[in-house]
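Here is a short report for a reader new to this structure. Look at the model first, then read on.

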Amino acid sequence: MDRLSNTVRPYAWGSTTLIPELLGVAPTGLPQAEMWMGAHPGAPSQTGRGSLHDIIDADPARELGRPALEAFGPRLPFLLKLLAAGAPLSLQVHPDRSQAQAGFAAEEAAGVPLDAPHRNYKDDNHKPELVCALTPFDGLCGFRPPVEAADLIGALDVDSLKPYVDLLHAHPEEAALREVLTAVLSADPEEMAHTVAEAAAAAERLGGPYAPFAAIAHHFPGDPGVIAAMLLNHVRLQPGEALFLGAGVPHAYLGGLAVEIMANSDNVLRCGLTPKHVDVPELLRVVRFEAGDPGVLRPEASPSGEELYDTPIDEFRLSRFVRPRGAAPVDLTLPTPQILLATAGRPEAGELTLAPGESVFVPAGEKVELSGTGTVFRATVAV
């Protein structure tokens, strides 16, 4: 079992305080957006044996175990993060596996450099995600019903938005959402910037359910993503609640601290709220224009005390243990690799005591017992 030393990514949208508060250290004044736990080559966790990427690469059968190795190949198939949003992240979607494979192959054949700003597919894998709130956590997830979106946008009383309201009322669900998102992202930039400014002023005045969109507009003035965001469900997660984000589901994180787990991929197609490249045709090919409830997940408890966040994904499995004082030790030994992350208290993984924000890697088959008091998230695979 290896105690992990993890990289904190200083993305501009990161909170300056949320991760330091969890770790019990003084803020630096700079954004601390994400702490990565895993073997991603961009920022692998470090251990006393070297980087987790190199350890797994040297002996994947020992570190990952036969079931994970046969299912996913010689790499850790998930990345675990602490995510601390102090400002909105980009509005985005992720492809499914077949779309990623086709898109990656096409860009490779076309000779598009992997680091090109207009490159869409950095690899051939899908990128499903699960985000679990540690504090109240705001986000956007999936489309609202078109009539509900029409009512929300219409109440702004902005003349240039009225054609979108009419489209949302006039067409079947999928066609309405597709036509409006296409129109918003394809509009003349100068005209759209004026529309967004009017909409932002109205949202600021109305408050209530419009407050999140006024805040988004404050961070991204004139961005068409402000209007696109109003097509989506606004969700506020309470601590312990989670969202699963499958392929094609548009989403954005707005603020708060969370544990996030995802399949190992860097494939992102952006819809707005970003200065980065937005490939509208490819985006529209990948987005699933389906309205519905965002589906807030609450963990399912087992007799062992493990609380599972159930998802339809094999590459990762996230659960937590909330251990009161005096709780009996629990055997966590598995034939698959694990990362254990403490978020409260002083739980013990084997002989290692974990403070909030500290984590360990447990190789497949290694015996490990969880004891002590506190909250621990467990990341592994579902094979």
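This is a predicted model: local features need pLDDT of at least 70, side-chain atom pairs count only at pLDDT 80 or more; totals for chains, interfaces and linings use all residues.

Residues are numbered from 1 along each chain as its sequence is written, and side-chain values use heavy atoms, with hydrogens and water left out.

## Domains

The domain assignment gives domain 1 (2-140 + 236-297), domain 2 (145-229) and domain 3 (318-380). Such bounds come from an automatic or database domain assignment. The centres of domain 2 and domain 3, taken over C-alpha atoms, are 45 Å apart.

## Alanine 187

Alanine 187 sits in the loop between helix 8 (173-186) and helix 9 (189-206). Helices (H or I, at least four residues) and strands (E, at least two) are DSSP runs, numbered from the N terminus. The relative accessible area of alanine 187 is 25%, which makes this residue partly exposed. Buried means under 20%, exposed over 50%, and partly exposed in between, with a 1.4 Å probe and protein chains only.

Which residues does alanine 187 contact, leaving aside its neighbours within four places in sequence? They are Tyr164 and Met192. Contact means heavy atoms within 4.5 Å. Proline 224 is 37 residues from alanine 187 in sequence, and their C-alpha atoms are 8.4 Å apart in space.

An open sheet is formed by 4 strands in the order 17-22-19-20, with antiparallel pairing. Strand 17 (330-331) and strand 20 (352-353) stand at the edges; each has a single partner strand, so one side of each lacks a neighbour in the sheet. Two strands pair if DSSP finds at least two bridges between them. Strand 19 (residues 348-349) pairs with strand 20 in the antiparallel sense over 2 bridges. Glutamate 348 has threonine 353 of strand 20 as its bridge partner.

## Cavities and pockets

Both terms rest on a 1 Å grid over the protein atoms alone. A cavity is a set of points where a 1.4 Å probe fits but cannot get out; a pocket is an open set with protein on both sides within 12 Å along at least five of seven lines; lining residues have an atom within 4 Å of a point. Grid points are joined across faces, edges and corners, and a volume is the space filled by probe spheres set on the points.

The structure holds 2 cavities of 30 Å³ or more.

| Space | Volume | Lining by class |
|---|---|---|
| Largest cavity | about 40 Å³ | 7 nonpolar, no polar, no charged residues |
| Second largest cavity | about 30 Å³ | 8 nonpolar, no polar, no charged residues |
| Largest pocket | about 960 Å³ | 20 nonpolar, 9 polar, 12 charged residues |
| Second largest pocket | about 310 Å³ | 5 nonpolar, 5 polar, 6 charged residues |

Ala, Val, Leu, Ile, Met, Phe, Trp, Tyr, Cys and Pro count as nonpolar, Asp, Glu, Lys and Arg as charged, and the others, Gly among them, as polar.

Residues lining the largest cavity include Leu91, Phe143 and Cys271. Helix 9 gives the most to the lining of the second largest cavity, with 3 residues.

The largest pocket is lined by 41 residues; Ser90, Gln92, Val268, Arg270 and Lys276 are the closest to its centre. Strand 12 (251-263) is one of the strands that supply at least two lining residues of the largest pocket. Its share, 5 residues, is the largest.
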